[in-house]
Amino acid sequence: MFKAILYTQWKWSRLPLLLMVFAGFALPLVSAQGVESAVHDYWQTEDMLSSLQSWGLVYPLLAAAVGLGLALISWSADHRGKHIYALSLPIPRWNYVLLRFSAGACLLAVPALTLWVGALVATAATALPAGLQAYPTILALRFGLAAFVAYSIFFAVSAGTNKTAGYVLAILGAVVVVQVFIDAVGWDVPFLQPLLLRLVFWPGPFEIFTGRWMLFDV
Amino acid sequence: MSHAVEIHDLHYRAGKSFEIRELALNVPTGSMYGFLGPNGAGKTTTIRLMLGLLRPRSGRIVVLEGEIPREAPRVLARTGYVPEQPHLYPSLTVAEALRFHAAFYRTWDWKWAEELVGAFHLDRAAVLGRLSKGEMGKLEMLLALAQRPELLVLDEPTDGLDPVVRRDVLTALLEYVSQQNATVFISSHLVHELERICDWVGVMDRGRVVVELPMHSFKNGIKRLRIANAPTLAGDTPFVVLAREQTDGGAETWVVRGWQAPMHQYFEGVGASLRDVVDLDLEEGFVELLRTFREPTR
């Protein structure tokens with residue numbers, strides 16, 4: 001059963017997956033441009049690290065895009081068929097959802113692996129200045145984990161009906177409206193910011209997307 | 001008599017306008033059960049409830065001795081389902097759709113599936129999204145049959161198909177039933193089609209089952225009677241009067257259900273005279289039945 005589900009998911013996502021693979025491989029190579037051993041002082045090293053750090057923003061964005069894309073693809077065919085086919089298959093609903101989720105998660109490994117390969121190639125091709133280290137494996141693992149977090153969240157949201165997605169959007173909208181109201185009234189009650197901080201910092205689920213995403217660092 | 005499908009006191013509501021109420025159905029094991037009803041009667045909803053695709057508000061559904069929806073996966077493993085609308089993944093080829101479907105059924109018969117691919121003239125490399133309606137109908141039937149089900153649930157399986165494809169599909173179905181003694185539950189509004197193949201019939205309208213009985217009783221028991229000097233009030237008749245109409249010369253035409261030959265004595269008892277008894281075909285009987293159901297005072 002898993003093989004059959006994985007096959008369908010691969011078939012639906014192979015073109016987007018090709019783009020993800022290309023981006024995953026190219027990103028470390030592109031971000032490593034300009035890193036050279038011929039830096040002599042602290043300030044040159046600092047500039048180089050700043051340049052690397054600006055590329056570091058692209059990694060979590062790509063991870064989120066990969067997760068979002070594969071999550072939407074996982075459900076798109078079933079949504080189009082109003083889930084009649086999936087529901088008429090002789091397996092419990094939770095089992096079907098688990099199979100679809102696992103198949104998508106397996107496909108996530110492909111861009112993460114190519115990012116790892118790209119990072120290894122970039123590391124091998126770069127003569128690092130003294131004091132800097134390469135972290136290709138850690139970066140790829142982190143990318144894979146971030147993509148998995150994004151995939152899990154979007155998979156759960158897109159598994160529901162349009163109504164469910166509407167509720168989620170309505171809740172998010174309500175949170176923003178409450179914050180705007182609080183600001184307008186002038187109350188000194190921080191509402192949105194603590195909520196975001198809880199989501200973004202440990203143990204919030206989005207913590208993985210924050211911080212330094214560096215292929216080369218001290 | 002054992003039943004492949006038993007539904008008791010089923011209640012389901014979708015929105016404000018559509019409701020299934022107090023639905024009761026009994027499909028005898030090994031029968032070809034024709035589920036008749038006009039468009040919008042609730043046939044597809046009943047089928048989806050029967051297979052656990054929808055959850056009822058109340059009532060009890062037992063299919064192949066399994067409680068629905070609790071035991072739906074076990075029941076679905078022994079049930080072939082052809083839905084009203086094609087629902088297969090359109091980007092797959094015929095061969096891929098077969099492999100995908102087969103992966104979920106232990107009883108899948110590859111040999112027979114390949115034979116049916118040949119018999120139905122399906123191109124294994126064709127993408128489902130580009131199949132014609134007839135080809136898609138044949139593929140749906142193939143998928144349902146090749147899993148060797150004990151129960152086949154077919155929701156308007158030949159609707160919109162040309163006569164040649166319809167014949168191919170029904171032939172495959174009848175061959176399977178004759179080999180396996182499977183139960184077939186087939187919904188349709190094509191009354192003549194069911195008349196030829198079904199031995200039981202259930203009629204549904206506006207979310208309720210109007211009648212459920214063996215096909216021969218349905219066909220033989222509904223008659224059109226021509227009566228002279230018909231009584232103003234029918235009174236306590238030994239049959240059910242579905243409709244009555246004035247005709248030329250003061251005579252009346254009655255459409256009745258549950259007719260048997262000795263009942264002509266009733267008319268002698270009330271001073272009327274029975275001129276003629278005309279057999280109605282299933283479609284006429286079906287139409288009269290629905291008309292009476294919708295306008296009970298007529």
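Chain A has eight helices and two strands. This is a predicted model. Chain B has ten helices and 14 strands. The two chains touch, with 17 residues of chain B in contact with 16 residues of chain A.

**Chain A**
- From the N terminus, the order of elements is α-α-α-α-α-β-α-α-α-β.
- Its C-alpha atoms fill a box of roughly 65 × 55 × 25 Å along the principal axes.
- Of the 218 residues in chain A, 30% are buried.
- Take the contacts in chain A between residues at least 6 apart in sequence: 81% of them join residues at least 24 apart.
- The mean pLDDT of chain A is 85, and 97% of the residues reach at least 70.

**Chain B: overall layout**
- The C-alpha trace of chain B spans about 70 × 40 × 35 Å along its principal axes.
- Chain B has 298 residues, and 41% of them count as buried.
- Among contacts in chain B between residues at least 6 apart in sequence, 73% link residues at least 24 apart.

**Nonpolar cores**
- The largest nonpolar core holds 87 residues. Those with the most contacts inside it are Tyr33(B), Met50(B), Val63(B), Val153(B), Val184(B), Phe185(B) and Ile186(B).
- Helix α5 (residues 133–146) of chain B supplies the largest share of this core, eight residues.
- Domain 1 (3–217) and domain 2 (223–279) of chain B both contribute residues, so this core lies between them.
- Beyond its neighbours within four places in sequence, Phe185(B) contacts Val5(B), Val27(B), Tyr33(B), Phe35(B), Leu151(B), Leu152(B) and Val153(B).
- A second, separate core has 39 residues, including Phe25(A), Val35(A), Leu115(A) and Ala122(A).
- As a general background, nonpolar side chains tend to be buried together in soluble globular proteins.

**Interface between the chains**
- On the chain B side, 17 residues meet 16 residues of chain A.
- The elements giving two or more residues to this side of chain B are α2 (72–76) and α3 (94–102) of chain B.
- By class, the side of chain B that touches chain A comprises 14 nonpolar, two polar and one charged residues.

- Strand β6 (residues 79–82) of chain B is covered on both faces. Thr79(B) and Tyr81(B) are buried on one side, and Gly80(B) and Val82(B) are buried on the other.
- In a regular strand, side chains alternate between the two faces of the sheet.
- β6(B) pairs with β7(B) in the parallel sense, over four bridges.
- Val82(B) stands opposite Leu154(B) in β7(B).

**Gln147(B)**
- Gln147(B) sits in the loop between α5 and β7 (151–155) of chain B.
- Gln147(B) has 25 other C-beta atoms within 10 Å, and the cut-off for burial is 20 or more, so Gln147(B) is buried.
- Not counting residues up to four places away in sequence, Gln147(B) touches Gly80(B), Tyr105(B), Thr107(B) and Trp108(B).
- Gln147(B) and Thr107(B) are 40 residues apart in sequence, with their C-alpha atoms 5.4 Å apart in space.
- Gly80(B), one of the residues Gln147(B) touches, is also one of the buried residues of β6(B).

Key. Residues are numbered from 1 along each chain as its sequence is written. Chains are lettered from A and ligands numbered from 1 in the order in which they are written. This is a predicted model: local features need pLDDT of at least 70, side-chain atom pairs count only at pLDDT 80 or more; totals for chains, interfaces and linings use all residues. A nonpolar core is a set of buried Ala, Val, Leu, Ile, Met, Phe, Trp, Tyr and Cys residues joined through C-beta atoms within 7 Å. A residue is buried if 20 or more other C-beta atoms lie within 10 Å of its own, exposed if 12 or fewer, and partly exposed in between; C-beta atoms are placed from the backbone. Domain bounds come from an automatic or database domain assignment. Two residues are in contact if their C-beta atoms, placed from the backbone, lie within 7 Å. pLDDT is the predictor's confidence in each residue, from 0 to 100. Ala, Val, Leu, Ile, Met, Phe, Trp, Tyr, Cys and Pro count as nonpolar, Asp, Glu, Lys and Arg as charged, and the others, Gly among them, as polar. Two strands pair if DSSP finds at least two bridges between them.
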